[in-house]
Amino acid sequence: MGLLKIIRKIKQKEKEIRVLVLGLDNSGKTTLLKKLNGEDVLSISPTLGFTISTFEHNNLKLNVWDVGGQKSLRAFWRNYFESTDGLIYVVDSSDTFRMNDSKQELQNLLKEERLLGATLLVLANKQDLSGAVSCETIKDLLQLDSIKTHHWKIVGCSAYTGLNLLSSIDWLLEDISSRQLRICCNWTQLRPITGKSWDAVLIRDSISCRPSIGS
Ligand SMILES: Nc1nc2c(ncn2[C@@H]2O[C@H](COP(=O)(O)OP(=O)(O)OP(=O)(O)O)[C@@H](O)[C@H]2O)c(=O)[nH]1
Ligand SMILES: [Mg+2]
């Protein structure tokens, strides 16, 4: 069995992947989650608190937290950081006026200790609009190249048409899985368990990335 398959199996049994979706209000967070869930995307109201959705994707169970992005609500984002495996940061690619605010909010998030282990996927949403700036431009405006603390990727997408939504989630999950695999490799290198096969080591120790005390 491939190692990623093993991790997926363990994840299914022991822990679901937790994904936090943040970004300024009106960036399209709720719309893109509804699109992924096959729901109607034309009657969506601003999120005033948060919504949790559960998805099955590539045999993994995702708990996705969609938190309202209005300015008055951003102070509450920190209440959702704990145990986050992946952060999806959504940008309205047509909202050049607020791009600097978006950059500032993202930079604040990247300083958060509780998000340090999370993979970052930036979604440059609303690429279907004629006024949308390109993914490359948004990468520069948000200064993503300066990020050294997180694995990151930016993808241009459209919550309306579905462009690139699934493939970007694929990347996020692969990155989360492979990062956990790397951490678990480190554990096994640090504390080899004699007589145990890779599978046994992985199943016992990997996903929480904590050594099992006393073994
Ligand atoms: N053209 C276009 N409009 C979109 C797209 N995604 C979202 N919208 C529109 O953008 C507006 C805001 O979408 P929401 O999904 O409510 O945005 P949000 O980020 O959840 O906003 P908050 O809940 O307030 O944080 C709605 O009018 C959507 O129809 C897209 O890909 N293309
Ligand atoms: Mg919303």
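**Figure 1. The largest pocket of the model has a volume of about 460 Å³.** The structure shown here and in the following views is a predicted model. In total, 23 residues line the largest pocket, and N26, S27, G28, T31 and I44 are those that lie nearest its centre. Sorted by class, the lining of this pocket consists of 11 polar, 8 nonpolar and 4 charged residues. Helix 2 makes the greatest contribution to the lining, giving 3 residues.

**Figure 2. Two threonine residues coordinate the magnesium ion (ligand 2).** The donor atoms are OG1 of T30 and OG1 of T47, at 2.0 to 2.1 Å. These two residues belong to distant parts of the chain and lie 17 residues apart: T30 is in helix 2 (residues 29-36), whereas T47 is in the loop between helix 2 and strand 2 (50-57). Are the two threonines buried or exposed? A residue counts as buried when its relative accessible area is under 20%. T30 has a relative accessibility of 16% and therefore counts as buried. T47 also counts as buried, because its relative accessibility is 16%.

**Figure 3. The structure holds 1 cavity of 30 Å³ or more.** The space in the largest cavity amounts to about 60 Å³. Its lining is formed by L24, D25, S27, V90, V91, D92, D95, R98, M99 and S102. Two or more of these residues come from strand 4 (86-92), and two or more from helix 3 (99-110). Which element provides the largest share of the lining of the largest cavity? That element is strand 4, with 3 residues. By class, 4 residues of the lining are nonpolar, 4 are charged and 2 are polar.

**Figure 4. Strand 1 (residues 17-22) is largely enclosed by the rest of the structure, because 6 of its 6 residues are buried.** The side chains of a regular strand alternate between the two faces of the sheet. In strand 1, I17, V19 and V21 point one way, while R18, L20 and L22 point the other way; all of them are buried.

**Figure 5. Strand 1 pairs with strand 3 (residues 60-67) and is also joined to strand 4.** The pairing of strand 1 with strand 3 is parallel and extends over 5 bridges. Within this pairing, L62 of strand 3 stands opposite I17. Strand 1 and strand 4 likewise run parallel, and 4 bridges join them. Here the residue opposite L20 is L87 of strand 4.

**Figure 6. Ring pairs link F50, W65 and Y80 into a cluster.** The model contains 3 aromatic pairs. In one of them, the ring centres of W65 and Y80 are 5.9 Å apart and the ring planes stand at 55 degrees, so this pair is tilted. Because W65 lies in strand 3 and Y80 in the loop between strand 3 and strand 4, the pair ties together parts that are 15 residues apart in sequence. W65 counts as buried, since its relative accessibility is 16%. Y80 has a relative accessibility of 12% and so counts as buried.

How values were computed. Residues are numbered from 1 along each chain as its sequence is written. Chains are lettered from A and ligands numbered from 1 in the order in which they are written. This is a predicted model: local features need pLDDT of at least 70, side-chain atom pairs count only at pLDDT 80 or more; totals for chains, interfaces and linings use all residues. Side-chain values use heavy atoms; hydrogens and water are left out. Donors are N, O and S atoms within 2.8 Å of the metal (3.2 Å for Na, K and Ca); water is not among the atoms, so sites may look incomplete. Buried means under 20% relative accessible area, exposed over 50%, partly exposed in between (1.4 Å probe, protein chains only). On a 1 Å grid over the protein atoms alone, a cavity is a set of points where a 1.4 Å probe fits but cannot get out, and a pocket is an open set with protein on both sides within 12 Å along at least five of seven lines; lining residues have an atom within 4 Å of a point. Grid points are joined across faces, edges and corners, and a volume is the space filled by probe spheres set on the points. Ala, Val, Leu, Ile, Met, Phe, Trp, Tyr, Cys and Pro count as nonpolar, Asp, Glu, Lys and Arg as charged, and the others, Gly among them, as polar. Two strands pair if DSSP finds at least two bridges between them. Rings of Phe, Tyr and Trp (its six-membered ring) pair if their centres lie within 6.5 Å; planes under 30 degrees apart count as stacked, over 60 as edge-to-face and the rest as tilted.
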